[in-house]
Amino acid sequence: MVAVLIVICEVAFWVLLAAGLALRYGAKMPRASVAVLLCEPLLEAVLFVVTVIDLKNGAEPDWKHGLAAAYIGYSIALGHYTITWVDVRVAHRFAGGPPPHTPKYGAARAVHEWKIAGRWTLASLIAIGLLQGAAWYVGGDGDVGSLHAWQQRMLVVIGINLVIAVSYTLFPKKAPAVPAGRG
């Protein structure tokens, strides 16, 4: 049940995002667009409630509960960023908005990577907290090994993002040299 709901929530996220952007840029209804996009957090709330009910009804904690926590953490910490990222690209492609800009070189790219690492760290910490809450909720009677395994996975996610950010800081990509006479 939880695995199916995770898939439904993921599909619904993208459907709501597409509907919101279609309302904003296609139908020129920005208020309706905001209303649709504000429904996104409801998906996480439903997933959280169903996961808690599943555990309350005696389900053994397993990978589905860990994935639900990771999904909720991602949605909270990176959901707005994802929506904004897509919005900028749709605005550029279909509404004459400015081209998307992600720094590619030097310190600006390092700062960008540190911001991304911060978002992923927050997402992982939220997931770790939800998983710990689930472990306490299940108590000593249940096998919570899978929940603790997911906590370790979230620590790996933090580590990977920190390594990426550090690499851009220590080894910044340099802009290509402009040939003489073109600058």
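Modeller: The expected span of a helix is 1.5 Å times one less than its number of residues. The model discussed here is predicted.

Colleague: How far does H1 reach from its first C-alpha to its last?

Modeller: H1 has 25 residues. At 1.5 Å a residue, a span of 36 Å is expected. The computed reach is close to that, at 34 Å.

Colleague: Which residue with a positive phi follows H1?

Modeller: H1 covers residues 2–26. The residue in question comes after the helix and has a phi near 55°. That residue is Lys 28.

Colleague: Which helices are included in what covers the buried residues of H1?

Modeller: The buried residues of H1 include Val 2, Leu 5, Ile 6, Cys 9, Phe 13 and Leu 17. Residues three or four places apart in an α-helix point the same way, because there are 3.6 residues a turn. The cover over the buried residues of H1 includes H2 (30–37), H3 (40–56) and H4.

Colleague: Is H1 roughly parallel or roughly antiparallel to H4?

Modeller: The axes of H1 and H4 (residues 63–95) are 10 Å apart, and the helices pack at an angle of about 20°. Angles under 35 degrees count as roughly parallel. H1 is therefore, relative to H4, roughly parallel.

Colleague: How many nonpolar residues does the contact of H1 with H4 have?

Modeller: The crossing of these two helices, H1 and H4, is right-handed. By class, their contact has three polar and four charged residues. The nonpolar residues in the contact of H1 with H4 number 18.

Colleague: Is H1 roughly parallel or roughly antiparallel to H3?

Modeller: H1 and H3 have axes 9 Å apart and pack at an angle of about 175°. Angles over 145 degrees count as roughly antiparallel. H1 is therefore, relative to H3, roughly antiparallel.

Colleague: How many charged residues does the contact of H1 with H3 have?

Modeller: On the H1 side, the residues that meet H3 include Leu 5, Ile 6 and Phe 13. On the H3 side they include Leu 43, Val 46 and Leu 47. By class, the contact of H1 with H3 has twelve nonpolar residues, one polar and, as for charged residues, two.

Colleague: Is Thr 51 buried or exposed?

Modeller: Thr 51 lies in H3. Leaving aside neighbours within four places in sequence, Thr 51 is in contact with Val 2, His 65 and Ala 68. Because its relative accessible area is 9%, and under 20% is the cut-off, Thr 51 counts as buried.

Colleague: Is Arg 109 buried or exposed?

Modeller: Arg 109 is in helix H5 (residues 106–138). Not counting residues up to four places away in sequence, Arg 109 touches Thr 102, Pro 103, Lys 104 and Tyr 168. Because its relative accessibility is 18%, Arg 109 counts as buried.

Key: Residues numbered from 1 in each chain as written. Predicted model: local features only at pLDDT ≥ 70, side-chain atom pairs only at ≥ 80, totals over all residues. Heavy atoms only, no water. Axes fitted to C-alpha atoms, helices over the stretch in contact; angles between N-to-C directions. Helix = DSSP H or I, 4+ residues; strand = E, 2+ residues; numbered from the N terminus. Parallel < 35°, antiparallel > 145°, perpendicular 65-115°, else oblique. Left-handed = near helix turned anticlockwise from the far one by under 90°. Nonpolar A, V, L, I, M, F, W, Y, C, P; charged D, E, K, R; others polar. Buried < 20%, exposed > 50% of the residue type's maximum accessible area, 1.4 Å probe, protein only. Contact = heavy atoms within 4.5 Å.
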